[in-house]
Amino acid sequence: MRQTGLLIGLVFLTAAWAADGYAAKVSPATDECIGCHISISPGIVADWERSRHAETSPGEALKQSGLEKKVSSEKIPEQLLAYAVGCSECHTMNYDKHQDTFEHNGYDVHVVVTPVDCSTCHSQETEQFSRSMMAHAYGNLVHNSLYQDFMKSVNGHQTFADMTTALQPPDDQTTADSCLFCHGTKVEVKGTQTKETEFGEMTFPILSGWPNQGVGRLNPDGSRGSCAACHARHQFAIETARKPYTCSECHKGPDVPAYKVYDVSKHGNIYNSLKHQWDFKKVPWTVGKDFTTPTCAGCHMSLVVDEEGQMVAQRSHEVGDRLPWRIFGLIYAHPHPTSADVSNIKNKAGLPLPTELTGEPVGEFLIDADEQFKRRKTMQKICLACHGEGWVNGHWARFENTLRTSNAMTLTATQILSSAWKQDLVRGLPHNDNVFDDLIEKMWVEQWLFFANSTRFSSAMCGADYGVFENGRWNLSKNIQEMNDWLQIHTALRKR
Ligand code: HEC
Ligand code: HEC
Ligand code: HEC
Ligand code: HEC
Ligand code: HEC
Ligand code: HEC
Ligand code: HEC
Ligand code: HEC
């Protein structure tokens, strides 16, 4: 009898929540959050209302089977199963592990929702992402002395006095607004502030390095990365992640022109022309039916099947899985590193680089030929869903030839710079000085960072203009002439 009473009570409560118009039942805590936030931050509530998180409870989602299943965690805590994934479910999750947790109207709320919080329901994606270079983008940059010199030479404040310029170190806000915007900041709690709000006085944490959605962000619960880098809050819509605009936020260039190359490629053209006919929501994604040319996600991350439901590629949040090479030259293109954390790599000359300045890859930190073969096959299997083998092999032979020729043009530029260092025309490596702050050094950086990269990205992803006159081979050859002219003139001046 008592039980029936309770049940009737529950039904009433459910009816009250359902009356809000949400497909899934909302928890009492989230109901309270929405009660206030619908007027404080209506944009956030409306966005969330359109999300699958508002539509489906984890309990319902777990009932899905096979490739359609969107929650990869085997076990989800009991108290979360029956309700929509709402404000409270994400923003109070693991509250005791978060430095940024604050008391908020009777709840322990944190601002920064981290990969560990998402992993309660999406453990596989989180685990894979943690093994990707993107999750390590902060440390790979900040814990590398050479890249720190580079950062300083780009972001530092330059002054002019007595006919000479000097470089002051950059301030923290500039660094956060520059390199760390994409690589990720370190978000820390720097105290609290009390504010008068329309609901009375409230206290909030003061965060440094905030806002930020860099891929390798260091979070106040000790975790790495931001899922919101690709899954914009609060819709977390799969369509957004699958479209190239998401990746373009960071992969545009001129050092990393993947998006520009894609945009002018045949694949990009067909995407731009015909995307309104495609289905960006469907999971799994059927090649030929839901999309007819790949987006960035299609080649690098997506779960792709054919019309019979046969697997073409497994979804991967560890983007290295399909990459035999690291075509981003440091300073030469080289086999992909074995570990996503590359901050401990040292070459034989003692520099924190995966290649020698003379071009040889530092083998002990890089994948071997067998692993390269495996990854090449994984990527090529996707191409083969739409192309013949001759097409794919022909493309690949050309691409790998470009790796060799663009590396050779980097070597030539490095030889010219080494000669300038050796003759003491500028201070550099032999003097333990910053190697990025003189004119000829900056020309050298452009050789490998802009022109060789652009040429390789164009070759890998079929956007020919970026391999020739737009930061491509034209610039590779012209830059060598300019560097050599600089060398000849300064050698002659020295002799006089
Ligand atoms: C009594 C009203 C009220 C309730 C209930 C409420 N909030 Fe808030 N919340 C506010 C106000 C007011 C702000 C401050 C907005 C501003 O910065 O002007 C705020 C701010 C926040 C912030 C941003 C903090 C920051 O420093 O950026 C988060 C996150 C947040 N609330 C989450 C929640 C969650 C989750 C719940 C439910 C567990 C919740 N809120 C319940 C009124 C409320
Ligand atoms: C699926 C998890 C999830 C849910 C559900 C969720 N949030 Fe968030 N929220 C996030 C993430 C992720 C961020 C982005 C910050 C970050 O990168 O960690 C965020 C950011 C915020 C911020 C700060 C962003 C800003 O622009 O100032 C507020 C405020 C906030 N959420 C309120 C809410 C409210 C209110 C709800 C319910 C309507 C809600 N959130 C539901 C994950 C979630
Ligand atoms: C309490 C469990 C839970 C948490 C925490 C959670 N999610 Fe989800 N997520 C779900 C459920 C349930 C769905 C919908 C599944 C369905 O429709 O079958 C979903 C769906 C998704 C989708 C697919 C959306 C689409 O359009 O198809 C993405 C992307 C996603 N979540 C990302 C995140 C991110 C990022 C976080 C952390 C900021 C997060 N989720 C936190 C349970 C959760
Ligand atoms: C617009 C986003 C963005 C900004 C801003 C940015 N980067 Fe990057 N950075 C990237 C991307 C994307 C990659 C990876 C490219 C690839 O793998 O093809 C990358 C990779 C790197 C790498 C290689 C790290 C490694 O060892 O794997 C270095 C070094 C680097 N960036 C330095 C910098 C410096 C220094 C700055 C600031 C002066 C900076 N970046 C600013 C997006 C950015
Ligand atoms: C917020 C910025 C940001 C966004 C958005 C972003 N990336 Fe990245 N990505 C980076 C940075 C930074 C790195 C370099 C990490 C390093 O080298 O330490 C990187 C590295 C990579 C790499 C090279 C990793 C490796 O293992 O060699 C690939 C591939 C990649 N991203 C693909 C993508 C794709 C595909 C998307 C869109 C679905 C995307 N990225 C969205 C910033 C971003
Ligand atoms: C570099 C961009 C990027 C980042 C960062 C990223 N994702 Fe994704 N995510 C994607 C793409 C692209 C897809 C679509 C994959 C597909 O088409 O199969 C996706 C799909 C998903 C899905 C949908 C699964 C389904 O079956 O519908 C979930 C859940 C998800 N991601 C969770 C996360 C979580 C949790 C994080 C943080 C740990 C994260 N993602 C970080 C790009 C990203
Ligand atoms: C047709 C398939 C395809 C598409 C579409 C595609 N890529 Fe690529 N991408 C490749 C191939 C192939 C490589 C080189 C793989 C190798 O040998 O490592 C590559 C390399 C990369 C790298 C270099 C990683 C490194 O080693 O430094 C990044 C970053 C990247 N792609 C990002 C993107 C982004 C962002 C988009 C969308 C704007 C995109 N890709 C679209 C196939 C594709
Ligand atoms: C979903 C189908 C699909 C996938 C997957 C795919 N392509 Fe394509 N690709 C196409 C279509 C369609 C065209 C246009 C062909 C035409 O116009 O004749 C094309 C064109 C090309 C071109 C010609 C570019 C030009 O402008 O001449 C190259 C090269 C190419 N693809 C290579 C690849 C490689 C390499 C991969 C895998 C890394 C790949 N494609 C994956 C559908 C695909």
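Residues are numbered from 1 along each chain as its sequence is written, while chains are lettered from A and ligands numbered from 1 in the order in which they are written. In this predicted model, local features need pLDDT of at least 70, side-chain atom pairs count only at pLDDT 80 or more, and totals for chains, interfaces and linings use all residues, with side-chain values based on heavy atoms, leaving out hydrogens and water.

Donors here are N, O and S atoms within 2.8 Å of the metal (3.2 Å for Na, K and Ca), and sites may look incomplete because water is not among the atoms. Helices (H or I, at least four residues) and strands (E, at least two) are DSSP runs, numbered from the N terminus.

The iron atom of ligand 2 is coordinated by His91 (NE2) and His234 (NE2), at 2.0 Å. His91 belongs to helix α6 (residues 87-91) and His234 to the loop between β6 and α13, so this pair ties together parts that are 143 residues apart in sequence.

Both sites have a named geometry.

| Residue | Relative accessible area | Class |
|---|---|---|
| His231 | 24% | partly exposed |
| His317 | 16% | buried |
| His91 | 22% | partly exposed |
| His234 | 15% | buried |

Ligand 5 is surrounded by 21 residues, and the closest are Met134, Cys247, Cys250, His251 and His336. A residue is counted as near if one of its heavy atoms lies within 4 Å of the molecule. Several polar contacts (pairs of N or O atoms within 3.5 Å) can be followed by eye. The side chain of His251 places an N or O atom 2.8 Å from a nitrogen atom of ligand 5. His336 has a side-chain N or O atom 2.7 Å from an oxygen atom of the ligand, and a polar side-chain atom of Asn140 lies 2.9 Å from an oxygen atom of ligand 5.

At least two residues of this shell come from each of α9 (137-142), α12 (179-183) and α14 (244-248). In terms of domains, whose bounds come from an automatic or database domain assignment, domain 2 (114-236) and domain 3 (250-495) each give at least three residues to the shell around ligand 5.

Around ligand 4 there are 18 residues, of which Cys179, Cys182, His183, Arg326 and Phe457 come nearest. A polar side-chain atom of His183 is 3.0 Å from a nitrogen atom of ligand 4, and Arg326 brings a side-chain N or O atom to 2.5 Å from an oxygen atom of the ligand. Helices α10 (145-155) and α12 each supply at least two residues of the shell. Because domain 2 (114-236) and domain 3 (250-495) both give residues to the shell, ligand 4 lies between them.

## Backbone details

Two cis peptide bonds are worth a look. One runs from Gly253 to Pro254, with omega near 10°, and Pro254 is in the loop between α14 and α15 (258-264). The peptide bond from Leu330 to Ile331 is also cis, with omega near -10°; Ile331 lies in the loop between β10 and β11 (334-335).

Asn94, which is not a glycine, has a positive phi near 50°. Asn94 is found in the loop between α6 and β1 (102-104) and is partly exposed at 23% relative accessibility. Asp162 likewise has a positive phi of about 50° without being a glycine. This residue lies in the loop between β3 (157-161) and β4 (164-168), and Asp162 counts as exposed at 76% relative accessibility.

Key:
Buried < 20%, exposed > 50% of the residue type's maximum accessible area, 1.4 Å probe, protein only. Polar contact = N/O pair within 3.5 Å; in protein donor to acceptor, adjacent residues only side chain to side chain.
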